[in-house]
2 protein chains.
Amino acid sequence: MKIPDSNIVRCSECPIRHRAVCARCDDDELGILEGMKSYRTFAAGDPILWRGEELVYVASVVSGVATLSKTMEDGRTQMVGLLLPSDFIGRPGRQEIDFDVTATTDVTLCCFSRRPFEKLVDETPHVAQRLMELALDELDAARDWMLLLGRKTAREKVATFLEMLARRSRNPDADGTQHEMTLPMTRDQISNYLGLTLETVSRQLNALKNDKIIAFIDRRNFEVLNLAALHDATGDDNDGGMIS
Amino acid sequence: MKIPDSNIVRCSECPIRHRAVCARCDDDELGILEGMKSYRTFAAGDPILWRGEELVYVASVVSGVATLSKTMEDGRTQMVGLLLPSDFIGRPGRQEIDFDVTATTDVTLCCFSRRPFEKLVDETPHVAQRLMELALDELDAARDWMLLLGRKTAREKVATFLEMLARRSRNPDADGTQHEMTLPMTRDQISNYLGLTLETVSRQLNALKNDKIIAFIDRRNFEVLNLAALHDATGDDNDGGMIS
DNA sequence: CATAATGATTGATCTGGATCAAGGAAAGAT
DNA sequence: ATCTTTCCTTGATCCAGATCAATCATTATG
């Protein structure tokens, strides 16, 4: 998978400043970790980390999409995060996680051993600062998602999801025009992200299609025909957006 | 309001190590900020911060309960956080917030000016580290709440809320026995926290009462009669808990 | 190329929780 | 003590989205 330009822009602010993701980072702090860097690939559906497992690595997503999810004893599951290229996996100062990390498409991660990475963080304040920013970004995203899960209608949920995808995958040099986009997960996985059932997701996607807001190229690929109408359908107000 | 012992314990790990909350902190790092310390009180219902407002202060809750909430244009609101005594308000490195902070009971905050506080954070790595821990704790809590909002039934939501209150307000020297507890907010506010309506909250509270899991002293005060049954009603598994 | 297997759609029905509506209880205010 | 106001409860009804049930499309497999 080609890494979109948008991710390179995003990565320029990244504490990892990862060569695989960011073209500008040849001279960055992580040079000292170069020897410990390793790429790992996961096939779609593969578990990347299980809940409770010890975090041996921190990583950044190079390509593909991974999800964070929680599962109840009776099988109900709720995704609590989406990891797109340039996103960071790791919890400074923590050994464990309380959710599963799963590859939803084929995923390539670039991993560093946790120990030397944390040593780096301790020694370089601005990296620590950047990690704090990332944590606060995640917290903001989680809170936006709480509003979605608690109060939005099915249509608003689906529209919000599509708008988020459009925002994160938009090519910045494209002048507002939307291009073909890919749903990075199945209807079932989307429903677990949105707190819905897969049938409802399917119906709402078709409703948006019938309203000429989106068009499907095939089941996984679609185009946004009317970005303004899509935004109206999210229920969000005009200024404040997700993951600002 | 007397500050429960449990909060003093909690506060011993707090970066703020606030005298008002923590008896052990006479000699802590915040001595240098002593001159800028100020107590502020808010009556129940008062706004503490509006969305978009500039954060001039960071603060810790000394007494009372405050909430973080998001509101949609049409009035639907979702609480995205609950602030109990010893909790911290502030976003290191950030000027703004994207939610409202409101006092739900009378609240006393202990405030520091943001600038000197951030200077302190920059200069003392372990304070920065502790703030990162707090941010990750909040993130974990937010993700647990996402599971609640997206997948739990009304009964599970209400039971989870009560169990969380019991955990956070339990007096540690009490040997498992539950004492009288207080609902820190109205049915309407609880419904906004749980993604329900106030009628549903009322009905579920009464259902738990009828099941002899809780008993009401009056509308705002209750007792947990059967903590195990309350836990069963949350839908959570036995080990992993909220806000660990 | 037939044949599973997986994922998506579409329809019919059901139901948990929302909505609408009417009192009741407690706490201030006059 | 009476009147408001605010908060809570309880009942009746409704409906968005869940559930149940086929069927279809697409991709993998022998």
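Predicted model: local features only at pLDDT ≥ 70, side-chain atom pairs only at ≥ 80, totals over all residues.
Local features need pLDDT of at least 70, side-chain atom pairs count only at pLDDT 80 or more, and totals for chains, interfaces and linings use all residues. Side-chain values use heavy atoms, with hydrogens and water left out.

Start with the symmetry. A rotation of 180° with 0.0 Å of shift along its axis superposes chain A on chain B, with an RMSD of 0.1 Å (least squares on C-alpha atoms of residues with pLDDT of at least 70 in both copies). The two copies are thus related as by a two-fold rotation axis.

Now the interface. Chain A gives 47 residues to the contact and chain B gives 47 residues (contact means heavy atoms within 4.5 Å). The copies meet through the same surface, because 100% of the interface residues of chain A are also interface residues in chain B.

The buried area is about 4200 Å², and carbon and sulfur atoms give 54% of this (accessible area, 1.4 Å probe, that the two parts lose on being put together, summed over both). In chain A, the residues that lose the most area to chain B are A:R143, A:M146 and A:R151, together 19% of what that side buries.

Charge pairs cross the interface. There are 14 salt bridges between chain A and chain B (a side-chain nitrogen of Lys or Arg within 4 Å of a carboxyl oxygen of Asp or Glu). One of them joins the side chains of A:D140 and B:R91, at 2.5 Å from N to O.

Conventions
Residues numbered from 1 in each chain as written. Chains lettered and ligands numbered in written order.
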